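Hello,

Here is the structure I promised to hand over. Please open it first, then read my notes below.

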2 protein chains.
Amino acid sequence: MGGWCTVSLSSNRNKNVIKQAAIYNKTILKKIKVNKGQLLQQKGDSIHKVFMVKSGLLRSYSIDKKGKEHIFMFAPEGWIIADNSLPNQPTQLFIDAIEDSTLIQAEKNEFGEHDTKKLLKRVGVLQNRIIMLMSTSAIERYEHFIEVYAEIVQRVPQRMIASYLGITPEALSTVKRQRKHKK
Amino acid sequence: MGGWCTVSLSSNRNKNVIKQAAIYNKTILKKIKVNKGQLLQQKGDSIHKVFMVKSGLLRSYSIDKKGKEHIFMFAPEGWIIADNSLPNQPTQLFIDAIEDSTLIQAEKNEFGEHDTKKLLKRVGVLQNRIIMLMSTSAIERYEHFIEVYAEIVQRVPQRMIASYLGITPEALSTVKRQRKHKK
DNA sequence: CTGTATTCTTAATGTACATTAATGCATCCA
DNA sequence: TGGATGCATTAATGTACATTAAGAATACAG
């Protein structure tokens, strides 16, 4: 089964604060603290990092050829976030911190032995997202989002919610106004 | 490691032709033949079936509240197709055969021990799909599709390609016309 | 083969959402 | 403290794609 083996390290090139490093089943894990706005991974990085959020809030997003951001997912406490591009491809996503956060970072997706269960859940979430994007309107996606991710709604700026929903902040404003008038 | 144990069965309620059944790592596998157009799974089914395509072509799709189909994925030879909704939810997808096909059916996602690798690939494919849906135009999605799924393009009607891309057949026609004129 | 149904295409019109632009608000920090 | 900066909202206009409708091509059953 393997176990934990703490190791002390002094620095890394990302200027993150390393509190502790450990080896667990051949995977190097680092506990790091990041500030709001700090970038953790860039599109094109060859190393596929994986972050487990202990506290705070991260997001992953792509940037299209017009320079526009599209949020792929949010990761609050307890979530794992990573760019799961296909192995032969370079990473496509950026990952950064929306709030000051503490994380555990690995270099591969090997957080213990719950992989399969967690991966299945992730596949389910992504399937849902695709179905929503293809078959529902902006207003329906918004209602679904505030219902399922109520906690996150309070913590991120409107423009990021819009970006996650696949619409502009302006369109989100009108969606919200319509909802208010309906009630 | 486990092994194969063939068992003969006589019928099932879906009128599929069962050629062989086997027990592999506690999962019951059935080899079945289906005809073009045959439905294999309906939205709302409580049993989450998994199909491994030996020959032919399957698709999974959702139907929105207006009755419109949205193709979630195609599965040609060698692919595994299933509704991976979250465990607590009922299935959301329909699965049917686009061509006469032979399949191996399981009742859970346990095709041997390569789960993790295959799941990661699936997560990668879905991630890609979401990024495409959010940040590219219909024409770009079409170009990507015919490049990556060249083999499938030849085998499915246009309206299904449109459905996969998230547009109408009419819009796909104009996309194709624009491409022709550009060259 | 022949009629019927289904699919594909083209064109006219409609609509959801994007873009642009202007205004009010909050945050920041020199 | 006050000006700069970024964010949310509103309104006017633009555009990608949907809808509707009709005709042409293809598949399909009797």
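This is a predicted model: local features need pLDDT of at least 70, side-chain atom pairs count only at pLDDT 80 or more; totals for chains, interfaces and linings use all residues.

Residues are numbered from 1 along each chain as its sequence is written, while chains are lettered from A and ligands numbered from 1 in the order in which they are written.

**Confidence**

Start with pLDDT, the predictor's confidence in each residue, from 0 to 100. Chain A averages 83. In that chain, 80% of the residues score at least 70. Helices (H or I, at least four residues) and strands (E, at least two) are DSSP runs, numbered from the N terminus. Among the elements of chain A, H4(A) has the highest mean pLDDT, 98. Strand S1 of chain A (residues 6-7) has the lowest, 35. Residues 1-20 of chain A have a pLDDT below 50. Beyond near neighbours in sequence, that stretch has 24 contacts in the model. Two residues are in contact if their C-beta atoms, placed from the backbone, lie within 7 Å.

**The two chains**

How many residues of chain A are in contact with chain B? The count is 26 residues of chain A, against 25 residues of chain B. Strand S7 (69-76) and helix H1 (115-135) of chain A each supply at least two residues of the side that touches chain B. H1(A) gives the most, with 16 residues. By class, this side of chain A has 10 nonpolar, 11 polar and 5 charged residues. Here Ala, Val, Leu, Ile, Met, Phe, Trp, Tyr, Cys and Pro count as nonpolar, Asp, Glu, Lys and Arg as charged, and the others, Gly among them, as polar.

The same surface serves both copies: 96% of the contact residues of chain A recur in chain B.

**The sheets**

Two strands pair if DSSP finds at least two bridges between them. In chain A, 4 strands form an open sheet in the order S4-S9-S6-S7, with antiparallel pairing. S4 and S7 of chain A are the edge strands, and each pairs on one side only. The twist averages 30° from one strand to the next.

Walk across this sheet. Strand S4 (residues 39-41) and strand S9 (residues 94-97) of chain A are joined by 2 bridges. Gln41(A) stands opposite Ile95(A) there. Strand S6 (residues 57-63) of chain A is joined to S9(A) by 4 bridges. Tyr61(A) stands opposite Phe94(A) in S9(A). S6(A) and S7(A) are joined by 7 bridges. The bridge partner of Ser62(A) in S7(A) is His70(A).

H4(A) lies across S6 and S7 of chain A. H4(A) runs at about 105° to S7(A). Axes are lines fitted to C-alpha atoms, for helices over the stretch in contact, and angles run from 0 to 180 degrees between N-to-C directions.

Chain B also has an open sheet of 4 strands, in the order S4-S9-S6-S7. Strand S4 (39-41) and strand S7 (69-76) of chain B stand at the edges, each with a single partner strand, so one side of each is left without a neighbour in the sheet.

**The DNA**

A residue is near a molecule or strand if its C-beta atom, placed from the backbone, lies within 6 Å of it. Which residues come nearest to DNA strand D? Of the 15 residues around DNA strand D, these are Pro157(A), Gln158(A), Arg159(A), Ala138(B) and Ala171(B). H5(A) gives the largest share of the surface near DNA strand D, 5 residues. By class, that surface has 6 nonpolar, 4 polar and 5 charged residues.

DNA strand C has 16 residues around it. Ala138(A), Ala171(A), Pro157(B), Gln158(B) and Arg159(B) come nearest. Helix H2 (138-148) and H5 of chain A, together with helix H4 (158-165) and H5 of chain B, each give two or more residues to the surface near DNA strand C. The largest share, 6 residues, comes from H5(B).

Best wishes
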